[in-house]
Amino acid sequence: MIRTRSLAALARSLVVAVVLAAGSSACAQSVGMQGGGDEVIRTARTEAPVAATPPVVVPTTAETFDAVSNTLDAAAEAWSSGDVDAVMATYVADEPLLVFLGDTPIKGPDAVRAALEARAAQPGGLGQMTYEWFETLQFDVNTTVVSGRVVMRREGKTHRGLFTRVLRRTEDGWRIVHDQLAWGADA
């Protein structure tokens, strides 16, 4: 008797599953044991299923490292060219921006641009920037922290310092949100 009821319930479930899979409206009803036990009603959706959104493609760590490295290379090339607009293009445009040049904090894109223009106007300009080494720490698919050693050549002198940059993935690629370039006052 128990086996018969179990098989009957299974058959009803399969009919409901077939009807649901077809995308039609369906209602299945199951009555409990003899004597009018609890009633269970299952109702299928009446509208067509929503198309599944494609899965988000998460880049590999190597792909992210390559993209971040390319951004750092572009930032160093822009800095070395002395083109303030090119340097500013490596920073975010629509988020808060914080840059430390040596021990001077600069907040906001307008203030950063003014500081870079003032530096570019000095003898030696912005200088020539390269990296000795850096390491990345990826927090999520859109945020990476990069730390390492920056080398600044300016007015015949070579200065080495440490840097930390926080980069965020944007529609335009990776951009710098926070930039700390720690070198001596005469760099």
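This is a dialogue about a predicted model of one protein chain, asking what its labels rest on.

Reader: What makes up the protein chain, in helices and strands?

Author: The protein chain has four helices and eight strands. Along the sequence they follow the pattern α-β-β-α-α-β-β-α-β-β-β-β.

Reader: What is the order of the strands in the open sheet?

Author: The six strands come in the order β4-β3-β8-β7-β6-β5, and their pairing is mixed.

Reader: Why are β4 and β5 said to stand at the edges?

Author: β4 (104-107) and β5 (128-140) each have a single partner strand, so one side of each has no neighbour in the sheet. From one strand to the next, the twist averages 25°.

Reader: What makes β7 and β8 a pair?

Author: Two strands pair if there are at least two bridges between them. Nine bridges join β7 (residues 157-170) to β8 (residues 173-182), so they meet the cut-off of at least two. The two strands run antiparallel. Arg169 stands opposite Trp174 in β8.

Reader: How do you know that β3 pairs with β4 and with β8?

Author: Count the bridges again. β3 and β4 share four bridges, in the antiparallel sense. β3 and β8 are also joined by four bridges, but run parallel. At least two bridges are needed, so both count as pairs. Phe100 has Pro105 in β4 as its bridge partner, while Val99 stands opposite Asp179 in β8.

Reader: What lies between β3 and β4 in their hairpin?

Author: Two residues lie between the strands, and Gly102 in this hairpin takes a positive phi near 65°.

Reader: Which residues of β3 are on its covered face, and which on its uncovered one?

Author: Val99 and Leu101 are on the covered face. Leu98 and Phe100 are on the uncovered one.

Reader: Which helices lie across strands of the sheet?

Author: Helix α2 (residues 61-81) lies across β3 (98-101), β5, β6 (143-154), β7 and β8. Its direction is at about 145° to β5. Helix α4 (residues 109-121) lies across β3, β4 and β6, running at about 130° to β4.

Reader: How do you know that the span of α2 is close to the expected one?

Author: The expected span is 1.5 Å times one less than the number of residues. α2 has 21 residues, which gives an expected 30 Å, and the helix reaches 30 Å from its first C-alpha to its last. After α2 comes Gly82, with a positive phi near 80°.

Reader: Which residues of α2 are buried?

Author: The buried residues are Thr64, Val68, Ser69, Thr71, Leu72, Ala75, Ala76, Ala78, Trp79 and Ser80.

Reader: Why is Arg165 called buried?

Author: The cut-off is under 20%. Arg165, with a relative accessible area of 2%, is therefore buried. Arg165 is found in strand β7.

Reader: What makes the link between Arg165 and Tyr131 a polar contact?

Author: The pair of N or O atoms must be within 3.5 Å. The side chains of Arg165 and Tyr131 make a polar contact of 2.6 Å, so the distance passes. Arg165 and Asp179 also have a side-chain polar contact of 2.6 Å. Among the other residues touched by Arg165 are Leu72, Ala75, Met129 and Ile176.

Reader: Which residues have the most contacts inside the largest nonpolar core?

Author: They are Trp79, Tyr91, Leu116 and Met129, in a core of 28 residues. At least two residues each come from α2, α3, β3, α4, β5, β6, β7 and β8. The largest share, six residues, comes from α2. In soluble globular proteins, nonpolar side chains tend to be buried together.

Reader: What does Met129 contact beyond its neighbours in sequence?

Author: Its contacts include Ala76, Trp79, Val150, Met152, Arg165, Leu181 and Trp183.

Reader: How much of the protein chain is buried?

Author: Buried residues make up 30% of its 187 residues. Of the contacts with a separation of 6 or more, 47% are between residues 24 or more positions apart.

Methods: Residues numbered from 1 in each chain as written. Predicted model: local features only at pLDDT ≥ 70, side-chain atom pairs only at ≥ 80, totals over all residues. Heavy atoms only, no water. Axes fitted to C-alpha atoms, helices over the stretch in contact; angles between N-to-C directions. Contact = heavy atoms within 4.5 Å. Buried < 20%, exposed > 50% of the residue type's maximum accessible area, 1.4 Å probe, protein only. Core = buried A, V, L, I, M, F, W, Y, C linked by side-chain atoms within 4.5 Å. Polar contact = N/O pair within 3.5 Å; in protein donor to acceptor, adjacent residues only side chain to side chain. Lists of a residue's contacts leave out its neighbours within four places in sequence.
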